[in-house]
Amino acid sequence: MNCTLMGSILVGITLSSILLFKLQVGLILAFSLFLVPLCLHSYAIGQYSLLNGPQPASVNKIVRSHATQTEWFAHIAFGYWLIASGIKVFLIFILFGHNPLLGTFISSCITLAFAYLVFSLTVLDRSTPIARTFQPLAPKALVLFLLWSGLTLFWTRPASIISSLGYWATMTLDILVVFLLCGTDDLRKVMHKSLQGIVLGGLSIFLVASFFQIETIHSRLGDAEFLNPNIIGRQIALSALCCLYLSSLSIQSPHSKVGWTFLTGLLALALLQTLSKSSILAFLVAAIAFIFLGRFRRQEQFLIGFSFIIVTTLSYDKIVDYTNQYVHETQAGEALETLSGRTMIWEHAWKLIQTNPIWGFGFYSFRDYSPITLMGRLVHAHNEWLNIWFNVGIIGVILAATLYLSFFTLTWTTRTRTALQDETALALSLIIFYVILGLTEANPRGLNFPLPLLMLFIRYFSEAIYPCDPQKNFYAP
């Protein structure tokens with residue numbers, strides 16, 4: 001059976017069971033998503049046997065052409081990002097929201113399955129030297145930040161050490177999977193498939209939330225307990241920016257450009273439905289930056305701007321009603337002054353930071369010290385830099401700042417030396433998005449900018465600046 005069809009059937013059975021019967025089929029979900037990469041691996045071995053005779057004793061001795069490898073990695077990258085950005089993000093937390101340890105374990109198993117698949121297909125492939133990726137400062141800063149975060153697990157509270165270790169291990173595996181997926185000659189195809197997976201992953205979150213009619217008391221898209229509207233807003237905004245990039249590509253057909261442009265508008269409308277103020281503001285600034293930095297013609301810029309006006313008009317009444325409630329009713333009319341209580345959270349976090357500014361309290365530890373609210377304990381400090389400082393200390397802050405600055409430098413260098421104008425425009429807009437978002441939001445397990453996505457851009461830009469074959473003109477300006 002074709003591997004794609006097999007994987008689609010497994011995931012389809014899972015989603016159909018959840019959507020139609022609303023059953024707690026967490027084990028079916030975990031089993032299905034775990035099997036998808038293993039089915040891909042089995043199919044690859046079968047194809048090798050058909051084409052090359054008897055199967056070798058070790059799967060690590062499989063020899064494939066670069067073209068075949070690129071095709072496989074592109075499809076695997078699409079599946080990985082689709083699951084990581086949509087299916088796993090939404091369903092794992094919904095089904096295992098009552099049991100974070102089990103949810104962490106299932107998430108780690110899915111990532112481990114992808115890591116096994118990609119590693120087994122690349123272990124002997126030396127076509128892309130690893131050392132070239134680490135020539136810029138950005139990947140070194142990423143690895144150091146990751147290692148330091150893991151080191152701080154030694155002083156994370158014993159009661160939280162198992163779940164914290166699981167989150168750190170999953171994050172590390174995710175970075176490893178992306179790193180290995182980029183070990184091909186044609187990184188552009190892997191990059192495009194990855195971004196497509198991110199787009200459809202964010203779209204799946206919106207569609208499933210709309211199907212369930214999940215809304216908070218303020219009619220915001222999302223569930224206040226398990227899947228906060230701000231989490232949905234952050235992911236949908238990322239998907240919309242990636243979709244905006246895909247709509248700008250000149251190498252695709254006009255029909256594809258129209259399709260991606262339509263999806264961009266749909267995702268922008270979904271973002272407004274979440275009423276996530278930070279994500280909406282950060283997205284607008286980042287989208288404007290991308291439109292001016294990318295290679296859009298004046299007509300395309302006008303069309304995109306007109307589309308955003310239409311999307312905003314469709315959500316105007318909902319935005320006005322929420323704004324009135326937020327300003328005059330929420331928190332006895334003081335929500336605007338306290339930024340929804342964030343100023344009090346910042347004050348609490350800062351007082352504790354002063355007691356241990358160098359080392360921090362350990363990876364993913366803010367939830368153990370956060371104040372108790374009506375929604376329970378908070379998992380982050382609602383400010384990226386305060387949250388990093390609290391968890392991994394001033395050393396972690398320095399490493400995080402170095403990572404952001406070095407990635408910006410790598411992106412700008414790539415922009416000036418190569419023809420990757422649209423790709424660097426996307427990277428710069430994402431930096432803008434996550435820096436603005438970091439003023440009021442944080443990722444409890446690291447940077448707001450997803451580290452696997454950072455690794456994807458780092459490998460792509462490193463290949464552009466330090467190509468293995470100097471005769472290539474693919475990235476030439």
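Predicted model: local features only at pLDDT ≥ 70, side-chain atom pairs only at ≥ 80, totals over all residues.
Local features need pLDDT of at least 70 and side-chain atom pairs pLDDT 80 or more, while totals for chains, interfaces and linings use all residues. Residues are numbered from 1 along each chain as its sequence is written, and side-chain values use heavy atoms, with hydrogens and water left out.

**Overview. The protein chain has 18 helices and two strands.** Helices (H or I, at least four residues) and strands (E, at least two) are DSSP runs, numbered from the N terminus. Of the 477 residues, 54% are buried; buried means under 20% relative accessible area, exposed over 50%, and partly exposed in between (1.4 Å probe, protein chains only). Contact means heavy atoms within 4.5 Å. Among contacts between residues at least 6 apart in sequence, 77% join residues at least 24 apart.

**View 1. Glu 423 lies in helix α17 (residues 421-437).** Its relative accessibility is 4%, so Glu 423 counts as buried. Leaving aside residues up to four places away in sequence, Glu 423 touches Arg 188, His 192, Tyr 245, Phe 457, Tyr 460 and Phe 461.

**View 2. Ring pairs join Phe 407, Phe 433, Tyr 434, Phe 449, Phe 457, Tyr 460 and Phe 461 into a cluster.** Rings of Phe, Tyr and Trp (its six-membered ring) pair if their centres lie within 6.5 Å; planes under 30 degrees apart count as stacked, over 60 as edge-to-face and the rest as tilted. The whole structure holds 20 aromatic pairs. One of them is the edge-to-face pair of Phe 433 and Tyr 434, at 4.9 Å centre to centre with 75° between the planes. Phe 433 is buried at 0% relative accessibility, and Tyr 434 is buried at 1%.

**View 3. Cys 243 is shown in a structure with zero disulfides.** A disulfide is a pair of cysteine sulfur atoms within 2.5 Å. The closest cysteine sulfur to that of Cys 243 belongs to Cys 242 and is 8.6 Å away, too far for a bond. Cys 243 is buried, with 0% relative accessibility. Cys 182 is likewise buried, at 2%.

**View 4. Leu 151, Phe 154, Trp 155, Ile 358 and Trp 359 form a nonpolar patch on the surface.** Together these residues have about 540 Å² of accessible area, computed by the Shrake-Rupley method with a 1.4 Å probe, where only the protein chains shown count as cover for residues. Phe 154 sits in the loop between α5 (137-151) and α6 (161-181) and is exposed, with a relative accessible area of 70%.

Note on methods
Patch = residues over 30% accessible without salt bridge, like charges linked within 9 Å, V, L, I, M, F, W, Y side chains within 5 Å. Salt bridge = Lys/Arg side-chain N within 4 Å of Asp/Glu carboxyl O.
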